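Dear colleague,

Please find below the structure I promised to hand over. My notes on it follow, beginning with a single residue and its salt bridge and then moving to the wider picture.

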Amino acid sequence: MLLTLLVTLPLRAQLADSLATEVPPQPSPVIEYSTQRNTYEIAGISVSGADSYEDFVLIGFSGLAVGDKIEVPGDQITKAIKRFWKQGLFSDVKIKATRIEGQKIWLEIALKQRPRVSEVTYNGLKKSEKEDVEVKVGISRGSQMTPNLADRAQSVIRKYLAEKGFHNAVVEVLQREDHDHPGYVKVAINVDKKVKTKVGKIYITGNQALTHTQINKAMKKTNDNNIVNLFRTKKFVAEEYENDKRAVIEKYNEIGYRDAHIVADSVVPNPEDSNRVDVYMTIDEGGKYYIRSIRWVGNTVYPYEALDATLGIKKGDTYNLKTLNARLQSDDDAVSKLYTDRGYLFFNVEPIEVKVENDSIDFEMRMYEGRPATINRINIVGNTRVYEHVVRRELYTKPGQLYSQSDIMRSLRELAQMGHFDQEKLVPDIQPNPEEGTVDITYQLETKSSDQIEFSLGWGATGLVGRLGLKFTNFAIQNLFNKKSYRIVPQGEGQTFSINAQTNGVYYTSASLSFLEPWLGGKRPNSLSASIFFASQTGYSNRYYQAYQNLYNTYSNYYYYSGNSDYYQQLQNSEADPDKYLRTFGVSLGYGKRLRWPDDYFQFYGELSYQMYMMKDWPYLLIANGTSHNFAINLQLSRSSIDNPIYTRRGSQFLLGLKITPPYSLMTGLDYSQMTQSERYNLIEYHKWKFSGKVFTPLTRDSKLVLMTRAEFGYLGHYNKYCKSPFESFYMGGDGMSGYSSYSTDYVGMRGYSSGSLTPYDPTTGRNMGYVYDKFTLELRYPVSLEQNATIWLLGFLEAGNCFADISDFNPFDLKRSAGVGVRIFLPMFGLMGIDWGWGFDEINGSRQYSGSQFHFVLGQEL
């Protein structure tokens with residue numbers, strides 16, 4: 001114990017002495033900038049005030065390192081400080097010497113971080129405007145807030161609003177501390193858009209060749225408050241104004257004024273309205289020029305006579321550089337097209353003004369023809385739906401062929417017609433190789449689903465009729481036993497397989513199957529189609545007819561429809577008589593072939609068909625009891641050059657069809673006037689002619705606004721006046737949707753009139769039956785959406801047409817007229833849907849009951 005005390009007591013005394021003596025902190029070295037520079041070796045570097053960054057990152061960014069020799073004061077420290085300031089991430093930057101011993105120095109990088117953003121709010125902007133500017137501004141949660149970022153936000157928003165006509169907008173970027181999150185700020189961007197700046201008046205001087213109205217029309221975006229500009233924008237946007245000035249000069253150039261220019265222009269506030277500006281413009285038109293001569297240089301493939309004829313510009317024509325360039329390069333039948341369609345991918349032509357004398361210009365067309373380019377590789381990218389050989393067989397471009405621009409455009413059309421790819425995104429990637437004289441073509445595809453679930457509703461004599469259909473457009477009958485190819489059904493070969501069912505419940509049921517192989521054998525575009533269907537319709541009992549007759553006679557037609565309609569409906573639903581029916585069975589087999597003459601847009605289609613009609617106590621037809629057989633050959637010659645089967649922008653469709661049966665009455669020589677109805681119509685005979693034509697014309701440069709013109713004609717003829725066919729007639733008016741299809745009737749839509757109201761009464765048959773019709777349509781279309789998942793367009797139409805009981809009654813000028821508007825929606829899963837409102841201008845049988853305001857629904861078919 002004594003030994004322990006002797007040892008610990010001195011130690012405790014030393015510890016107490018050390019605690020009692022305070023060591024004063026060492027002061028930071030003082031650097032005298034007025035004295036001579038000293039050179040030190042950096043012995044250590046520390047960082048303070050930047051907790052969000054790793055020390056080694058900031059030290060490395062400074063450019064200083066332990067072991068470096070620096071001058072104090074010196075440029076190395078200054079440059080390091082400037083590096084940090086340049087980033088804008090810190091509000092204060094210092095580099096201090098914390099210790100100096102001999103020739104060694106210890107440094108501290110003292111930083112003060114700028115705050116980060118915890119919340120951003122926009123005030124004074126619409127939701128769509130906010131979404132537009134958010135990405136451009138770049139202020140988001142977690143980002144560091146800097147003065148440059150605030151200034152940029154103000155600049156971006158002011159520019160964005162100026163493009164919309166708000167030139168006086170005020171933008172403020174305010175920051176306040178977020179007390180819940182130290183080191184963070186809440187940012188509020190306050191916008192006061194003020195009032196839009198609009199164009200008041202446009203004053204033009206110096207113009208003689210163009211009127212004020214013509215110049216105003218040439219200016220697309222800068223328009224004054226004039227009746228001519230009633231539907232055009234009046235806002236003033238500086239960038240658009242500059243474009244419009246160039247457009248005015250281009251307009252002058254189009255009419256020969258090659259030297260026209262704007263001498264002076266100014267934009268000044270309107271003295272009467274502070275939210276408007278007036279535009280003053282002085283134009284020097286110069287003289288009008290004419291083309292005196294055109295000389296071709298470098299042409300070896302085509303003689304100058306052929307080039308002159310294609311160019312279409314001759315001596316004495318007014319100078320028009322826009323037209324000249326279009327005829328050389330961009331038009332569908334331009335000079336360059338002659339060469340690119342023959343493989344001259346590297347062709348180039350440049351119009352040179354070799355001499356300008358007085359009002360005349362001599363042109364020299366300097367051409368580089370190059371050598372023909374051969375297609376090296378054809379690549380297909382993005383196809384995930386059909387087998388690749390199904391895509392390649394549609395292409396008009398093949399490896400080893402000469403390059404042809406027309407073949408590429410035709411290939412794109414055929415790919416669009418397949419319906420498996422998004423037509424709006426069909427873009428070929430053309431990669432030429434001038435050294436080798438070859439070209440690689442890549443077709444970039446975006447797959448879309450084209451299978452459909454069809455659902456439609458119609459109204460027939462017994463009420464609502466529902467239809468459900470499945471349509472598979474990528475069917476593969478070859479893969480029936482290949483389980484890997486199944487997506488509900490085997491797929492991959494681009495065949496079409498459809499199943500449809502239609503029912504009213506008690507009174508009507510039908511079912512059908514159809515199949516189409518577009519490339520029979522896989523080598524040529526020859527199609528094979530087959531279909532089969534069955535339909536059954538049940539009649540009412542005699543008790544129902546008696547009840548209906550008593551109800552009608554007792555209470556009048558008005559009471560029948562208003563007071564006792566529920567009773568009538570209940571009676572109708574319970575009085576089906578299975579011993580009264582019409583049953584229809586049919587099959588068809590068709591073959592189609594793409595023709596090469598007159599051109600390969602033509603197709604020929606032939607079909608053999610058979611329908612059997614079985615009737616028992618069926619009072620609605622000319623024959624109430626018995627069986628009728630319809631053996632027919634259907635021949636069609638068609639031409640289709642449309643660019644897109646859904647929203648068509650350009651092209652045309654024409655069809656001439658003849659459906660004919662054997663002339664039994666002529667072959668047998670029997671007296672049909674003495675036959676019973678069942679004998680007369682045992683074998684149905686007729687010849688049926690149909691013509692339809694559609695032309696699609698784009699009216700704007702972007703080809704969105706489209707005018708569709710259509711003409712239709714149909715005629716059902718007979719061999720014997722005593723044997724007019726009770727089937728295959730025309731039923732005209734309304735939406736063209738059939739509640740029942742068992743009568744083999746052609747339903748012809750005519751908007752503005754109720755369903756079937758234009759079908760005439762035929763005195764020879766005692767029924768409403770149309771044997772001749774004509775129809776003409778003008779329809780203006782504009783798309784709202786052309787996306788893959790939904791194609792939507794608006795339309796306005798003018799329509800005229802009529803239906804007649806006999807060819808002798810036909811009068812092409814006796815037309816029922818209508819006009820209206822509508823909308824169409826195409827959904828890949830459900831097909832085409834829409835609604836039209838039409839106004840029928842003409843009376844039907846002296847009454848407006850069936851015309852006037854009419855709504856029509858479109859489900860699965862086009863009116």
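D192 counts as partly exposed because its relative accessibility is 38%, where partly exposed lies between buried (under 20% relative accessible area) and exposed (over 50%), with a 1.4 Å probe and protein chains only. Its side chain meets that of K194 in a salt bridge at 3.0 Å, N to O, the term standing for a side-chain nitrogen of Lys or Arg within 4 Å of a carboxyl oxygen of Asp or Glu. K194 is likewise partly exposed, given its relative accessible area of 45%.

Before going further, please note that this is a predicted model, in which local features need pLDDT of at least 70 and side-chain atom pairs count only at pLDDT 80 or more, while totals for chains, interfaces and linings use all residues. Residues are numbered from 1 along each chain as its sequence is written, and side-chain values use heavy atoms, with hydrogens and water left out.

On confidence, the protein averages a pLDDT (the predictor's confidence in each residue, from 0 to 100) of 86, and 89% of the residues score at least 70. Where pLDDT is low, the predicted coordinates should not be read in detail.

As to the overall build, the protein has 16 helices and 38 strands, taken as DSSP runs numbered from the N terminus (helices H or I, at least four residues; strands E, at least two). Buried residues make up 43% of the 863 residues, and among contacts with a separation of 6 or more, 62% are between residues 24 or more positions apart.

Helix α5 (residues 147-163) has 17 residues, which at 1.5 Å a residue should span 24 Å, and this agrees with the 25 Å between its end C-alpha atoms; the expected span is 1.5 Å times one less than the number of residues. Its buried residues, including L149, A153, V156 and Y160, pack against β5 (116-123), α4 (127-137), β6 (170-177) and β7 (184-192). Just after α5, G165 takes a positive phi of about 100 degrees.

In strand β1 (residues 38-48) lies T39, which is partly exposed because its relative accessibility is 40%. Leaving aside neighbours within four places in sequence, T39 is in contact with K69, I70, E71 and Q103, and its C-alpha is 8.9 Å from that of K104, a residue 65 positions away in sequence.

Returning to charged pairs, a search of the whole structure finds 45 salt bridges. In one of them the side chains of E799 and K775 meet at 4.0 Å, N to O, and this pair links distant parts of the chain, with E799 in strand β35 (residues 791-804) and K775 in strand β34 (residues 772-786), 24 residues apart. Both E799 and K775 are buried, and both belong to a network of salt bridges that also links R710, E712, R751, E779, R781, R824 and D836. Another salt bridge joins the side chains of K314 and D317 at 3.7 Å, N to O; K314 is exposed, with a relative accessible area of 56%, whereas D317 is partly exposed at 21%.

Methods: Contact means heavy atoms within 4.5 Å.
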